[in-house]
Amino acid sequence: MSDSMKEVVETLDPVSRHLIPPDIALGTLVPLKTILELRDNLSLGLAYVTRAPNKVTNDVVNIARAIAGDDAAKNLPHLRRCVKPADIPPHLKTQFMNEGNGRQVHLGKSNWLYIVLGPKDEMSYDELVKGLSTIDDIRDDIFVGTIPVPLLAPTSQVQANMWSQQFWQTVYRKNNPLGPHPSTISRTEAIVSRDASIWMNLAHQIAKKSQKAGYGEPIGAVIVKRTIPGKSDSGKQSAPKEGAVESEVSNGEGGGPEGDNCNSHHQNACEVNGASHNTAEVPNGVINDVNQPDISSSEAPAQDSTKPDTEGKETTQIVAIAADARWYQQEKVGLTGNPMAHAALRAISMVAQKLVRAEDRPKSEQKMMEFEAFQDKPLLSDEQLVFDEDHPCPDGYLCHELELYMTHEPCTMCAMAILHSRMGRIVFRHRMPLTGGMSSEDRGYDACGGSSACGEGSCGGGQGLGLHWRKELNWTLLGWEWESDSIESLSVDAHLHA
Ligand SMILES: [Zn+2]
């Protein structure tokens, strides 16, 4: 074990230290892409542009806004509203210069500007011409051009530069409307990557043990609680603060360049765009806390004082470890087994049981049933050991801000359970292209490798669900794949639901 890894191990709780294998196989984290990042990033549409002397750009923009409506997206906020004739892409310059009074407009001393009006689909051409004809300075020679534009914001400066050349001057606001904020990912990854390999090795180990015992498939899950000094345990107080900083940054970066290309008298017309965009932007992290009823508000100060010496050091503690147990008390036929005994569900349920235990409620009568659907009692000794420990911080809602490490990409059912439990982060190793719920990549029809479990092509392809980051589900968690060459693969049937 490397010195840096030894150092990390020393910060672990005693139970984790006891459980981990003597050698930790190392791996690297690769952030998961969101559905939007993979699908809509390059979607193009057509937009109307016009040109006018800069003293009337305000009027032009107002007319366009009146027709397109106030919806930020319909106003293409990532495109510069007003652009000097010299700054439009060369191929448009050539084209527009030869139309109408183009020669004059493109003269060096011209004070005309090109103005993006809005997406073609969102505005009626006749209404637009009617509106523009109310402006004296352009009435006699109304120019309306149609250009292809990217409909969604760029996710990097490089992309913005490329689009500025290919389509229209594009502004990168150092945010990512299609997924988690890049700085949130890199900051979190820097922290998580220090010990991610430890938890993945533990998940791997429990998976093997369960398979050996005949309880389940070689799939394992580990849930940990990370305590970062100076950060509220519940995550409730710190999250909005972080969000606010990012929001300021993006306002600063976005607001400035947006107005640059319009002359000072008419800056308003062009900045309206930027302002409405920025207020519509909700930085990642805040979403979680704004949209979710926060049940974790009952802080228990006594808890903090009794905590072992955190002394400014980050600590991680294991909260639950569980292996797949789908074949426990099950006849091993087919692939399904007991779906309630998937590793993720068992682990989440163990966290829940710890929270209930911490409340010190009188125990309800344990019913003896012949078949226990929820296999959420520890079956393996490692599971028992972790289960017997108290929850390090039994304040928050279920899995709020906890981290889940899994050997395999969880199935759709488990992915939704993970989301509902308000898990903060997920790291998994093996992707399950046919059945996984976290990845967004398209699922090929050939992903099953022609195994006998399906008829020809019937296991289907289609789109990944990308459940780790779906704003519309009111909860977004950060997700990574863990790639490693130094630990054996835990192969399962491609049709299996992990
Ligand atoms: Zn599952």
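Is Phe143 buried or exposed? Select Phe143 and keep that in mind while you get your bearings. You're looking at a predicted model, where local features need pLDDT of at least 70, side-chain atom pairs count only at pLDDT 80 or more, and totals for chains, interfaces and linings use all residues. Residues are numbered from 1 along each chain as its sequence is written, and side-chain values use heavy atoms, with hydrogens and water left out.

**The whole protein**

Colour by secondary structure: there are 17 helices and 12 strands (DSSP runs, H or I of at least four residues for helices and E of at least two for strands, numbered from the N terminus). Of the 498 residues, 52% are buried (buried is under 20% relative accessible area, exposed over 50%, partly exposed in between, with a 1.4 Å probe and protein chains only).

**Stop one: Phe143 and Phe96**

Back to Phe143: it is buried, at 6% relative accessible area. The structure holds 5 aromatic pairs, and Phe96 with Phe143 is an edge-to-face one, 5.0 Å centre to centre with 75 degrees between the planes. (Rings of Phe, Tyr and Trp, the latter by its six-membered ring, pair if their centres lie within 6.5 Å; planes under 30 degrees apart are stacked, over 60 edge-to-face, the rest tilted.) Phe96 is in helix α5 (residues 90-97) and Phe143 in the loop between α7 (125-132) and β5 (145-150), so the pair ties together parts 47 residues apart in sequence. Show Tyr114 as well: ring pairs link Phe96, Tyr114 and Phe143 into a cluster.

**Stop two: Tyr215 and Tyr328**

Next, select Tyr215 and Tyr328. Their ring centres are 5.1 Å apart and their planes at 85 degrees, so this pair is edge-to-face. Tyr215 is in the loop between α10 and β6 (220-227), Tyr328 in the loop between β7 and α15, 113 residues apart. Tyr215 is partly exposed at 22%, and Tyr328 is partly exposed at 24%.

**Stop three: helix α16**

Select residues 381-388, helix α16, and show Asp382, Glu383, Val386 and Phe387, which are buried. Look down the axis: these buried residues fall within an arc of 130 degrees, so they line one face of the helix (the arc is that of the directions from the helix axis to the C-beta atoms). Stay on Phe387 and bring up Arg357, whose charged end sits over the ring, 4.9 Å from its centre.

**Last stop: Tyr397**

Finish with Arg422, lying over the face of Tyr397 at 4.0 Å from the ring centre. (For a charge over a ring, NZ of Lys or CZ of Arg is within 6 Å of the ring centre and within 35 degrees of the ring normal.)
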